[in-house]
Amino acid sequence: MSFDLSVIPNKNIIVGITGGIAAYKSAILVRRLKDAGFNVRVVMTEGAQAFITPLTFQALSGNPVHTQLLDPEAEAGMGHIELARWADLVLIAPASCDTLAKFAAGLADDLLSTLYLATSAPVWVAPAMNQQMWAAKATQRNLATLVDDGVHVIMPVSGSQACGDVGLGRMPEPEELARQVTDYFHKAQRAIAEKFGLLASKHVVITAGPTREAIDPVRYISNHSTGKMGFALAAACYAAGAKVTLIAGPVSLDTPNGVRRINVSSAVQMLDTSMQLLDEGCDVFIATAAVADYRVAEVAEHKIKKSGDELDIALIKNPDIVATIAQQDKRPFMVGFAAETRNVEEYAAGKLVAKKLDMIACNDVSRADIGFASDENAMTVFFAEGYHLPKRDLEKASKQEIAQQLVEAIHDALHHDPAQDEAF
Ligand code: C5P
């Protein structure tokens with residue numbers, strides 16, 4: 001399971017396709033852009049239609065394909081000006097040398113060249129052509145003009161060409177083009193989040209997953225925690241503009257996009273890493289890890305052999321990570337979790353005080369529909385007394401949605417001024 005924020009909703013891409021054999025790759029490109037969550041509309045030149053049919057792109061993009069500038073029917077649907085305004089990015093792939101020349105000269109004798117002039121969206125071109133045509137002085141001159149005009153050029157790659165030549169002029173693979181487009185929007189999103197996000201300029205450290213306490217070189221004590229809640233929180237904090245470090249016990253989850261991950265195994269390692277990060281400067285510490293309460297007093301150097309009907313292993317208490325961090329002089333805003341099977345709110349409120357937390361999120365793990373391995377959760381959030389904030393019930397929702405609401409709760413507590421609270 002991945003919490004990668006690679007899906008970008010509500011961004012509009014126009015893929016312009018011009019006449020070249022690389023047009024067959026554009027079918028995959030449109031597919032990949034759709035997979036990434038973009039709305040895609042395709043504009044084809046007459047030359048492009050000699051290589052591949054509009055029907056292919058209509059099926060892949062889920063939208064009618066635009067081919068004509070002066071087609072009254074098409075203009076009634078979405079005219080070229082409307083189309084130009086609709087786009088958040090225009091990507092011409094492949095871009096033939098003829099199209100580059102038209103763009104450079106400012107011609108407007110077909111739909112694509114008109115669109116180029118009419119749009120205020122960023123325009124990217126991925127030239128693809130025979131290596132000799134690429135090297136031609138006129139092509140290079142046109143490219144220089146386009147770069148000067150603010151067009152982003154995705155450079156062709158070298159290799160064997162459809163015409164039999166070997167050299168520079170191949171369009172990069174569609175997956176690579178889709179990755180570059182996705183990256184561009186991620187960076188733009190990140191820049192906004194870093195400035196205006198709920199956790200902008202905060203360093204958030206999150207512990208997640210189980211810990212693993214060795215018994216001997218091949219056995220260990222652990223628990224069923226999957227780490228999903230902590231990973232969802234890491235993604236949500238990053239999306240809210242924070243710098244995020246995730247201290248992960250052994251889990252099989254992909255690292256969320258943009259998040260720094262440090263893998264640990266035992267509770268002692270998790271505490272040591274947490275203390276080091278505190279030295280780096282940490283504003284918010286979120287403890288979602290299901291830390292083993294006990295560890296084996298003396299880990300056997302060699303595999304313990306079967307002998308006798310019983311085996312006694314002495315256990316000693318593990319340090320309480322979140323309580324230890326909360327006692328430090330430079331303590332961050334502390335968030336704990338409580339998973340209980342009964343008297344949920346009472347135990348949670350007790351832990352909030354005992355561990356000196358600022359906020360605690362508790363859930364009832366006796367409910368079969370939420371908790372540990374589930375993709376959904378429901379929680380109640382309590383704030384320490386000094387915040388004068390009422391408890392919050394977070395209704396059953398995906399762990400991503402719960403994570404988002406927890407980010408809002410953290411933000412609200414960080415910015416809450418009790419002095420301005422008339423109720424108190
Ligand atoms: O005491 P209990 O395990 O119920 O407390 C849960 C909270 O304390 C969680 O936030 C958990 O991550 C944290 N914790 C910890 N170190 C421990 C035990 C729990 O940080 N040794």
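This is a predicted model: local features need pLDDT of at least 70, side-chain atom pairs count only at pLDDT 80 or more; totals for chains, interfaces and linings use all residues.
His 80 belongs to helix α5, which covers residues 80-86. Is His 80 buried or exposed? Its relative accessibility is 18%, and because buried means under 20%, His 80 counts as buried. Leaving out residues up to four places away in sequence, His 80 touches Leu 69, Glu 75, Leu 111, Thr 114 and Leu 115.

Next, find Thr 182 in helix α10, residues 174-196. Thr 182 is buried too, with a relative accessible area of 11%. Its side chain reaches back to the backbone oxygen of Ala 178, at 2.7 Å.

## Around the ligand

Now turn to the ligand. The residues that surround it include Ala 287, Thr 288, Ala 289 and Val 291, along with Pro 319, Asp 320, Ile 321 and Val 322. Gly 336, Phe 337, Lys 351 and Lys 355 are also among the surrounding residues.

An oxygen atom of the ligand lies 2.8 Å from a polar backbone atom of Phe 337. Taken alone, the ligand exposes 450 Å², and the protein buries 84% of that.

## Salt bridges

Side chains of opposite charge can pair when their charged atoms come close. In this model the count comes to 20 salt bridges. One of them joins Glu 176 and Arg 179, whose closest N and O atoms are 2.9 Å apart. Both residues are in helix α10, and because they are three residues apart, about one helical turn separates them. An α-helix has 3.6 residues a turn, so residues three or four places apart point the same way. Glu 176 is partly exposed, with a relative accessible area of 29%, and Arg 179 is partly exposed at 41%.

Arg 219 forms a salt bridge with Asp 216, with 2.5 Å between the closest N and O atoms. Here Arg 219 is partly exposed, at 34% relative accessible area, whereas Asp 216 is buried, at 3%.

## A link between two loops

Which parts of the chain does the pair Arg 331 and Asp 358 tie together? Their side chains meet in a salt bridge, 3.2 Å from N to O. Arg 331 lies in the loop between α13 (321-326) and β16 (333-340), and Asp 358 lies in the loop between α14 (344-354) and β17 (359-364), so the pair ties together parts that are 27 residues apart in sequence. Arg 331 is partly exposed at 32% relative accessibility, while Asp 358 counts as buried at 8%.

Salt bridges can also share partners: in this way Arg 31, Arg 32, Asp 35 and Glu 175 are joined into one network.

Definitions and conventions: Residues are numbered from 1 along each chain as its sequence is written. Side-chain values use heavy atoms; hydrogens and water are left out. Helices (H or I, at least four residues) and strands (E, at least two) are DSSP runs, numbered from the N terminus. Buried means under 20% relative accessible area, exposed over 50%, partly exposed in between (1.4 Å probe, protein chains only). Contact means heavy atoms within 4.5 Å. A polar contact is a pair of N or O atoms within 3.5 Å; within protein, one must be able to donate a hydrogen and the other to accept it, and residues adjacent in sequence count only if both atoms are side-chain atoms. A residue is near a molecule or strand if one of its heavy atoms lies within 4 Å of it. Accessible areas come from the Shrake-Rupley method with a 1.4 Å probe; for residues, only the protein chains shown count as cover. A salt bridge is a side-chain nitrogen of Lys or Arg within 4 Å of a carboxyl oxygen of Asp or Glu.
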